[in-house]
There are 2 protein chains.
Amino acid sequence: MGVTVAIDCMGGDHGPVVTVPAALTFLRSHSTVNVILVGREESILPLLGEALAAFGSRLRVRHASEVVGMDEPPANAMRSKKDSSMRIVADLVKSGEAQAAVSAGNTGALMAISRFVLKTLPGIDRPAICSILPTQKGHSYVLDLGANVDCSAEHLLQFGIMGAMLAAAVDHDERPRVGLLNIGEEAIKGNEVVKQAGELLRNSGLNFCGNVEGDDIYKGAADVVVCDGFVGNVALKTSEGLAQMLSTFLREEFGRNLFTRIMALIAMPALKRFKHRVDHRRYNGAVLLGLRGVVVKSHGSADPFAFEQAIGRAADAAGNQLIERISLKMASMSEVAA
Amino acid sequence: MGVTVAIDCMGGDHGPVVTVPAALTFLRSHSTVNVILVGREESILPLLGEALAAFGSRLRVRHASEVVGMDEPPANAMRSKKDSSMRIVADLVKSGEAQAAVSAGNTGALMAISRFVLKTLPGIDRPAICSILPTQKGHSYVLDLGANVDCSAEHLLQFGIMGAMLAAAVDHDERPRVGLLNIGEEAIKGNEVVKQAGELLRNSGLNFCGNVEGDDIYKGAADVVVCDGFVGNVALKTSEGLAQMLSTFLREEFGRNLFTRIMALIAMPALKRFKHRVDHRRYNGAVLLGLRGVVVKSHGSADPFAFEQAIGRAADAAGNQLIERISLKMASMSEVAA
């Protein structure tokens with residue numbers, strides 16, 4: 001009996017034309033995972049071809065009559081769209097028909113609906129959004145990425161626990177290094193909340209490696225980097241902007257004239273390998289942590305390859321007992337405290 | 001009568017072997033600027049050769065017996081090292097002998113000493129550190145970069161004014177676009193302080209262009225980006241880390257074997273132009289804004305080329321009446337408020 005992933009086919013900038021092919025490719029390469037495609041049947045069925053017959057009980061379609069808009073206010077999506085594809089994927093996880101949900105829709109709405117339907121785990125005050133970033137040594141998990149703007153030290157501690165349990169589950173590393181994002185040693189070291197969070201993390205039983213600075217993220221100085229949602233969001237988006245600018249400049253320099261275009265052709269193998277290593281699509285799929293179920297948010301602009309990675313991350317987290325791991329750790333923490 | 005720049009020759013990872021050659025190169029290409037080299041004469045004089053004779057009154061050496069260490073606590077540097085090269089450059093600006101100071105030393109100590117010696121301008125509560133970053137369209141000024149960890153809305157407003165006056169002075173753009181760094185539109189839009197700062201900036205008379213997100217920095221969406229020191233420091237350091245990782249990956253892919261090394265040789269002209277465009281040394285020199293004098297902080301690891309850029313930024317800001325511009329704007333703001 002494998003994991004079943006419920007996929008919101010309507011979310012994202014492109015909807016079913018991206019999500020459905022991604023799901024089919026994923027099914028082909030992951031024989032133990034089942035998929036429920038959720039959304040407007042009239043949009044999904046024509047894209048399936050022979051797939052329904054080919055995959056048998058591993059592939060199901062669940063009709064949902066409504067769609068949450070990419071700019072729709074979360075409260076609106078939550079209250080008035082009870083038959084949206086986003087709501088149904090959460091419902092399927094709640095009922096146990098699926099063990100994980102994936103959506104490329106509106107982040108705020110996905111968080112609000114998931115929280116309303118699934119509720120948070122005992123001891124978790126606020127769910128967090130956890131992204132995976134490439135580093136010089138492999139990859140790191142960074143959270144929170146924007147769900148929580150004002151955080152207390154206790155919230156940051158909870159983020160550390162959840163991030164560590166995610167790394168433990170999917171990377172099979174039982175003692176991932178947890179770092180606290182802070183500012184330069186030269187200046188005053190962080191604000192009061194961060195200082196207190198450092199104390200809590202030091203006494204948490206986690207493999208806490210102390211403060212890390214912005215540049216340490218990409219050096220791979222920690223497996224899990226903890227920060228509040230404002231700082232995390234800025235760090236992530238700034239990285240995206242810089243990567244985009246550098247890639248534009250590189251393209252411009254190699255596209256300048258006939259000679260540089262010939263250079264680009266000759267250098268293509270090396271350039272391609274470079275591009276693959278930093279391909280942000282491979283890191284698509286942020287995990288909404290702290291809920292009583294696995295929910296993964298894909299980038300809205302994901303292509304089929306990128307969306308497939310998000311499905312994979314959801315299946316992986318659910319298959320490796322992410323929720324159980326967080327629950328157990330939270331329970332053991334409250335025993336220590338009691 | 002040109003500008004005189006006082007240079008702390010002892011600061012930075014390399015000290016006089018970097019700062020002195022940088023100053024001499026700068027003097028050669030800027031005939032209206034004078035320089036005072038400050039530090040241990042026995043370290044500086046041997047590096048000057050014929051320069052003292054060649055530049056005449058444009059080049060002076062001022063002995064300072066002490067040096068502020070790169071890891072020295074700011075309070076210590078300020079109180080007990082009254083004859084440090086860092087202290088003397090600030091004293092020279094205070095006395096009017098120089099119009100700007102440059103140091104590659106310890107940021108915290110430079111800020112503490114500059115603030116103690118020069119004091120802040122009327123209406124400015126806290127000085128800020130303002131860096132210049134490359135963008136798709138040119139460059140932007142970002143502040144604060146770490147001097148102020150907990151900021152009020154009023155502080156952010158003051159940063160906006162100071163950044164706009166810097167852009168006006170050195171880029172000759174009298175209405176630079178000022179943006180407020182904030183998080184994704186999808187999520188809750190920022191914390192209370194940022195929301196209030198948005199209101200203040202909207203009513204400030206500045207050319208306020210609203211919220212910008214992390215990726216907008218490198219898109220050049222604003223000429224001046226305002227944020228608190230924690231967020232700004234993380235954004236800057238994260239960018240440094242990512243750029244470093246990408247450059248390592250690019251080098252690794254082109255250095256993989258004989259064939260890729262040949263590719264690199266052939267592609268060298270395009271790679272070199274790319275490297276030049278994103279060369280962080282060209283953007284060296286953060287301005288300490290809000291003081292009654294121009295103080296520029298160079299990166300500690302600067303090489304002569306990078307340090308020369310920091311000297312240039314100091315001369316440029318002083319020569320274009322940066323301090324007078326900030327004072328006038330602050331005075332006009334308080335008139336409006338009265």
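**Close-up views of a two-chain predicted model**

**View 1. Arg281(B) and Asp303(B) form a salt bridge in chain B.** At 28% relative accessibility, Arg281(B) counts as partly exposed (buried is under 20% relative accessible area, exposed over 50%, partly exposed in between, with a 1.4 Å probe and protein chains only). The model is predicted, so local features need pLDDT of at least 70 and side-chain atom pairs pLDDT 80 or more, while totals for chains, interfaces and linings use all residues. Residues are numbered from 1 along each chain as its sequence is written, chains are lettered from A and ligands numbered from 1 in the order written, and side-chain values use heavy atoms, without hydrogens and water. The closest N and O atoms of Arg281(B) and Asp303(B) are 2.7 Å apart (a salt bridge is a side-chain nitrogen of Lys or Arg within 4 Å of a carboxyl oxygen of Asp or Glu). This pair links distant parts of the chain, 22 residues apart: Arg281(B) is in the loop between H11 and S10 of chain B, and Asp303(B) is in the loop between S11 and H12 of chain B (helices, H or I with at least four residues, and strands, E with at least two, are DSSP runs numbered from the N terminus). Asp303(B) is likewise partly exposed, at a relative accessible area of 25%.

**View 2. Arg277(A) and Glu253(B) meet in a salt bridge.** The N to O distance between their side chains is 2.9 Å. Arg277(A) belongs to helix H11 of chain A and Glu253(B) to helix H10 (residues 229-254) of chain B, so the pair joins two chains. Glu253(B) is buried, with a relative accessible area of 1%, whereas Arg277(A) is partly exposed at 21%.

**View 3. Arg325(A) and Glu174(A) are joined by a salt bridge.** The structure as a whole holds 32 salt bridges over all chains. In this one, the side chains meet at 3.3 Å, N to O. Arg325(A) lies in helix H13 (residues 322-337) of chain A and Glu174(A) in the loop between helix H7 (153-171) and S7 of chain A, so parts that are 151 residues apart in sequence are tied together. Glu174(A) is exposed, at a relative accessible area of 53%, while Arg325(A) counts as partly exposed at 22%.

**View 4. Eleven strands of chain A form an open sheet with mixed pairing.** The order of the strands is S3-S2-S1-S4-S11-S10-S5-S6-S9-S7-S8 (two strands pair if DSSP finds at least two bridges between them). Strand S3 (59-63) and strand S8 (207-212) of chain A stand at the edges with a single partner strand each, so one side of each has no neighbour in the sheet.

**View 5. Strands S5 and S6 of chain A make a hairpin.** Strand S5 (residues 128-134) and strand S6 (residues 139-143) of chain A pair in the antiparallel sense over 4 bridges. Ser131(A) has Val142(A) as its bridge partner in S6(A), and Pro134(A) has His139(A). There are 4 residues between the two strands, and Gly138(A) in the turn has a positive phi of about 155°. S6(A) is also joined by 3 bridges to strand S9 (residues 224-226) of chain A, and these two run parallel; here Val142(A) stands opposite Val225(A) in S9(A). Of the 5 residues of S6(A), 4 are buried, so the strand is largely enclosed by the rest of the structure.

**View 6. Strands S1 and S4 of chain B run parallel.** Strand S1 (residues 4-8) and strand S4 (residues 100-103) of chain B are joined by 4 bridges. Ala6(B) has Ala101(B) as its bridge partner in S4(B).

**View 7. Asp83(B) sits in a loop of chain B.** This loop runs between helix H4 (74-80) and helix H5 (85-95) of chain B. Asp83(B) touches Arg62(B), Ala64(B), Ser65(B), Glu66(B) and Ile88(B), not counting residues up to four places away in sequence (contact means heavy atoms within 4.5 Å). At 26% relative accessibility, Asp83(B) counts as partly exposed. Asp83(B) and Phe208(B) are 43 Å apart in space, C-alpha to C-alpha, and 125 residues apart in sequence.
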